[in-house]
Amino acid sequence: MTAVGSVCINLFLPSLPVMAEEFGTSYAIMQFAVTGYLALSGFVQLGIGPVSDRYGRRPVMIGALVLFTLAGIGAATAETLTGFFVFRMVQASSVVGFVVSRAAIRDMVGREQAASMIGYVTMGMALAPMIAPTVGGALGDAFGWRSNFHALALIGAVVLVIVWFDQGETNHHRSGSFREQARAYPALLRSRRFWGYALTMMFAAGTFFAFLGGAPFVGSVVYGLSATEVGMYLAITPMGYATGNGLSGRFAMRMGLYRMMITGALVTLCMMSLALGAALAGVEHPLGFFAFTFAIGLGNGIILPSANAGMLDVRPELAGSAAGLGGALTTFGGAALSAFATFTLSETSGVYPLIYCILGSSTACLACVLYTVRVEKQVAAHPPPNPA
């Protein structure tokens, strides 16, 4: 379930320049297939969290996968840019898997164990896109960009069958009505703890979304790589994410949420500073940039499971709503950073704007982590009558 959404983001990225040429538009406009998708995904997550709290995790997941599969077929056969964008936006239904999977984990286990389980489960979210750019680039070179969307439709159909037969319902304490949720929701929005964890997630993931927005351009234009080669280099970052998820699964319960988040933020910030140093030193090989992007994935893999677990623990009875709202903030922020990275790059800019964008987001992430730790310690020292 978690893998579908991440594959949908980056399977076709190596083919974006070719798609822009076929539809007779610029790369910046074609990039709307990423930024527009991310923005709409945010709105979907805002609504689907409360819906899954009210009606259950299983039915909303099945409905989302049906839409996703049909949209993949539509995108693969679209003859106009407008038609393609319409079907591409419907594919935003795939993000339901992000919300439902995290909420289902919190339905079953407590805070510290949830961080460990989310770390292991989201390895699927990392392993799939680790392979996807390479496969997508090869499919694009061999059969054209439309084959990527045929592949997405097939993936959606396979996961739909698995969910239909295998996913049990975990939400056994459903909210009585949306009115009940509406009365409890402001307490979530007023919580400094919630905003600390949510903003930590947003800026951590922002480093990855900025990379997704600018890396295909950097690979094809700055370094002159083919679609297949771009796909291979794009796979480095998800490798880091899988590694970080594995470390979270193994050490989150032992180290605790706070140390995990601080470690992840420092890893990304330090390694991308080295990437800037390599660029300033005149390193022209693609690995001079892409090798360091392993740290973007590594940092995300360490930070996000712990930040997710902390955020869902603020109001456990609103786990779906918290997952949806936090996911929406992450996606909106990611869409903005992805668009910003795209529009700051040019044939003469080199890789610098993308590195600066990633460094800015990772610095903000570290600041949010430190703020969150301070708030948690204050709440622990002086527990309020109601959740903070």
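**Local contacts, helix packing and cysteines in the predicted model**

Apart from residues up to four places away in sequence, Ser15 touches Gly136, Gly140, Trp145 and Asn148, where contact means heavy atoms within 4.5 Å. The structure is a predicted model, in which local features need pLDDT of at least 70, side-chain atom pairs count only at pLDDT 80 or more, and totals for chains, interfaces and linings use all residues. Residues are numbered from 1 along each chain as its sequence is written, and side-chain values use heavy atoms, with hydrogens and water left out.

Ser15 is located in the loop between helix 1 (2-10) and helix 2 (16-22); helices are DSSP runs (H or I, at least four residues) numbered from the N terminus. With a relative accessibility of 3%, Ser15 counts as buried (buried is under 20% relative accessible area, exposed over 50%, partly exposed in between, with a 1.4 Å probe and protein chains only). The side chains of Ser15 and Asn148 form a polar contact at 3.4 Å. A polar contact is a pair of N or O atoms within 3.5 Å; within protein, one must be able to donate a hydrogen and the other to accept it, and residues adjacent in sequence count only if both atoms are side-chain atoms.

The Glu169 side chain reaches the backbone nitrogen of Arg57 at 2.9 Å and that of Arg58 at 3.0 Å.

Helix 4 (residues 32-55) packs against helix 7 (residues 96-108) at an angle of about 35 degrees, and their axes are 9 Å apart. Axes are lines fitted to C-alpha atoms, for helices over the stretch in contact, and angles run from 0 to 180 degrees between N-to-C directions. On the helix 4 side, Val44, Gln45, Ile48 and Gly49 meet Val96, Val99 and Arg102 of helix 7. By class, this contact has 4 nonpolar, 2 polar and 1 charged residues (Ala, Val, Leu, Ile, Met, Phe, Trp, Tyr, Cys and Pro count as nonpolar, Asp, Glu, Lys and Arg as charged, and the others, Gly among them, as polar).

Ala336 belongs to helix 18 (residues 319-344) and is partly exposed, at 47% relative accessible area.

Cys270 is partly exposed, at 46% relative accessible area, whereas Cys368 counts as buried at 13% relative accessibility.

Methods: Helix = DSSP H or I, 4+ residues; strand = E, 2+ residues; numbered from the N terminus.
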